[in-house]
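Here's a quick look at how one chain is put together and how its partner sits against it. Keep the viewer open while you read.

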Amino acid sequence: MKKYLSLIALILTISLSSFSNSAFAVTSIRAEVKGMVCAFCAKGISKKLNALSQSKEVFVDLKNRVVAVELKDQQTLTLDNFNKIIQDAGYDVAKAEFVEKSVAEIKAELTVAETKK
Amino acid sequence: MSKNTSLGAALMLFALETNAGPMGFKDSWMIMGDFSPNWREAFINYALTPLDALGVSATYMRSDDETKTRQLGEITYTRLLKRWNMPDAQANLWFAGGVGIINGDDFDGAKAMVTPGIQFDYETRRIYFAVTERLYRAKDLNHDYSSGRAGFSFYETSFEETQPWFILEARRMNGLSDKTEITPMLRLINQNYFIEAGVNNSSQFRFNFMYIF
């Protein structure tokens with residue numbers, strides 16, 4: 001009996017732990033955007049994304065053609081809505097995906113990739 | 001320099017907005033200013049859609065000897081006809097035109113003027129190229145205009161940094177000037193502003209700016 005209780009406790013702990021991780025994980029949308037060659041022209045992207053209530057932080061990288069928006073906890077944004085914002089700003093999304101990373105982590109990754117080139 | 005040449009050089013500046021990106025993103029306002037001894041212009045438009053913008057402009061023009069002046073008030077319409085978004089470049093085909101009233105001290109009364117034009121531009125983070133053709137037509141007035149611009153950035157910058165460019169512009173105005181105006185300019189681009197300054201081959205200082213909000 002004691003053995004079974006220990007097993008149940010372990011399963012519960014693991015379950016709660018994974019629930020906790022998914023509930024509080026940082027979620028961002030990371031996209032590759034085509035045509036983004038000028039900061040003045042691309043301002044519309046950052047302005048529109050920053051205006052979203054779901055948006056915690058926005059990052060635009062001209063050289064790597066990357067746009068990323070970090071979402072606030074418990075907030076969601078569909079890829080369709082994200083793509084429409086980019087298109088209304090005058091650009092095309094080549095690829096967009098949800099990533100479990102903060103904007104700071106995405107920036108760091110790009111910096112590391114740059115230094116390796 | 002003749003009066004007509006001076007006035008022609010001034011009128012060429014009239015189409016500046018088509019050379020520097022004639023509209024912003026959807027729901028944005030664009031303000032533009034263009035200042036030189038013979039030219040003072042204020043222009044504003046609003047992007048109703050990602051492709052269309054409506055605006056107004058007011059322009060004062062003066063010949064070098066200050067004997068001729070003209071004032072033009074105009075309602076403008078800008079349309080992005082086609083955009084090509086490439087991984088590291090962007091190209092655009094624009095329509096930009098207006099309808100307004102022009103007054104001058106070298107003719108009587110006010111005249112209705114129409115200014116339809118097209119522009120093609122191509123830009124990467126390091127090079128820029130644009131050609132513009134625009135008609136300036138009123139009764140007994142024909143100031144059709146052509147321009148070409150090319151330039152390069154000194155280095156790449158991040159989104160938050162200011163990027164300096166060298167731009168060389170050549171342009172002509174039919175019916176008012178036989179001279180081709182050549183203007184080398186320093187352009188500074190930031191996410192919040194766009195400014196250009198230079199001196200043309202008539203030794204006239206030029207300063208242009210744009211702001212989007």
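This is a predicted model: local features need pLDDT of at least 70, side-chain atom pairs count only at pLDDT 80 or more; totals for chains, interfaces and linings use all residues.

Residues are numbered from 1 along each chain as its sequence is written, while chains are lettered from A and ligands numbered from 1 in the order in which they are written.

Chain A has 4 helices and 4 strands, in the order α-β-α-β-β-α-β-α from the N terminus. Helices (H or I, at least four residues) and strands (E, at least two) are DSSP runs, numbered from the N terminus.

Of the 117 residues in chain A, 31% are buried. Buried means 20 or more other C-beta atoms within 10 Å of the residue's own, and exposed means 12 or fewer, with C-beta atoms placed from the backbone.

Now for α3(A), residues 79–88: its buried residues are A:F82, A:I85 and A:I86. They fall within an arc of 95 degrees seen down the axis, so they line one face of the helix; the arc is taken over directions from the helix axis to the C-beta atoms. A:D80 and A:N81 are exposed on the face turned away from that buried side.

| Element of chain A | Residues |
|---|---|
| β1 | 28–34 |
| α2 | 39–50 |
| β3 | 66–71 |
| β4 | 92–99 |

Across the interface, 24 residues of chain B are in contact with 21 residues of chain A, contact being C-beta atoms, placed from the backbone, within 7 Å. The largest share of chain B's side, 3 residues, comes from β4(B).

Methods: Two residues are in contact if their C-beta atoms, placed from the backbone, lie within 7 Å.
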